[in-house]
Amino acid sequence: MLRLYDSPLSGNCYKVRLLLAQLGIAYERVHVDITADPRPPALLRHNPTGRVPLLQLEDGRFLPESNAILWHLATGSRYLPDEDDGRQRVLQWLFFEQNGHEPNIAVARYWISILKRPQQYAAPLELRQRAGHGALAVMERWLGEHAFFVSDRYSIADIALYAYTHVAREGGFDLDRFPAVCQWIARVEAQPGWVPMLRTAHD
Ligand SMILES: N[C@@H](CCC(=O)N[C@@H](CS)C(=O)NCC(=O)O)C(=O)O
C-alpha cells in the first residue's frame, strides 16, 4: 500500500490527499509535525529537504515534492492529459504554482495562521502578500476566459493551484477581489470525489 508522510495543516499534502481520493486509491498516512525542529531523521533519509509530502511507493521507492507526486499518481488517468501540448501546459501551471504562488500564499498563511506570529514576520509578510495578490491576479485573468487551467478540463494543474488558493484568506489575501477565482474554487469543489482539507493538527 502507498504510504504518505503527511501533515494535516499542509496544502502541499492536501494536494496529494485530494488526488488520491479522486482516484479512489487507498493509502496509509504517517503524521509529521511540520512545526518541529529539527526535521525528523526518517524524513531526511528519504527526502533531502526533510519536508512533506513524501510518498513511499508500493515498490519501496520514495517520491518527494507535491507536484512530482501529483504527476506520478495522475499519469494514465483523466487528471493528466495524454497529449504533449496538454502535458506541457500542466507543467506550465505546476511551475507557476511553485514559483509565483505557493512561496507567497502558503508562506503568508503559515506565518499568520499556523505559527500565529504575523508581527515577527511583518516586513517579509507584506512582500509575500503583495506578490501573492499578483499571483491571484494572474489566475483571475486566465479564469476569466477558461473554466480550468488546461484544456478547459479539471486536471492536476487545478489541484495544485486550488490547495493554497482556497485557504488564501488565512494568509491575509482578499479573495473577494478575484470573482473568477472564487467561481473556479466552487467548480473544483463540485468535482467527483472532492474531499475537504483537514483543519487541525490532530486530524
Ligand atoms: N516544494 C515542496 C514544498 C514542501 C513544503 O514546504 N512542505 C512543508 C509543509 S507545506 C514542510 O514540510 N515544512 C516543514 C519544514 O520545512 O521543515 C512541495 O511542493 O512538496
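Visitor: Is Cys-182 buried, exposed or partly exposed?

Guide: Look at relative accessible area: buried is under 20%, exposed is over 50%, and partly exposed lies in between (1.4 Å probe, protein chains only). Cys-182 has 27% relative accessibility, so Cys-182 counts as partly exposed. Cys-13 has a relative accessible area of 0%, so Cys-13 is buried. This is a predicted model, where local features need pLDDT of at least 70, side-chain atom pairs count only at pLDDT 80 or more, and totals for chains, interfaces and linings use all residues. Residues are numbered from 1 along each chain as its sequence is written, and side-chain values use heavy atoms, with hydrogens and water left out.

Visitor: How many disulfides are there?

Guide: A disulfide is a pair of cysteine sulfur atoms within 2.5 Å. By this rule there are zero disulfides.

Visitor: Which helix holds His-133?

Guide: Helices are DSSP runs (H or I, at least four residues), numbered from the N terminus. His-133 lies in helix H5, residues 122–143. His-133 is buried, at 14% relative accessibility.

Visitor: What is His-133 in contact with, leaving aside neighbours within four places in sequence?

Guide: Contact means heavy atoms within 4.5 Å. With those neighbours left aside, His-133 is in contact with Gly-172, Phe-173, Asp-174, Arg-177 and Phe-178.

Visitor: How are two packed helices described?

Guide: They are described by the angle between their axes and the distance between the axes. Axes are lines fitted to C-alpha atoms, for helices over the stretch in contact, and angles run from 0 to 180 degrees between N-to-C directions. Take H4 (residues 84–114) and H5: they pack at about 135 degrees, with axes 9 Å apart. That makes H4 oblique to H5. Angles under 35 degrees count as roughly parallel, over 145 as roughly antiparallel, 65 to 115 as roughly perpendicular, and the rest as oblique.

Visitor: At what angle do H5 and H7 pack?

Guide: The angle is about 75 degrees, and the axes of H5 and H7 are 8 Å apart. H5 and H7 are therefore roughly perpendicular. Leu-136, Met-139, Glu-140 and Leu-143 of H5 make the contact with Pro-179, Ala-180, Val-181 and Trp-184 of H7.

Visitor: Where is Leu-198 found?

Guide: Leu-198 sits in the segment after helix H7 (179–189). Leu-198 is partly exposed, with 23% relative accessible area. The C-alpha atoms of Leu-198 and Leu-9 are separated by 6.7 Å, though these residues are 189 residues apart along the chain.

Terms used:
Helices (H or I, at least four residues) and strands (E, at least two) are DSSP runs, numbered from the N terminus.
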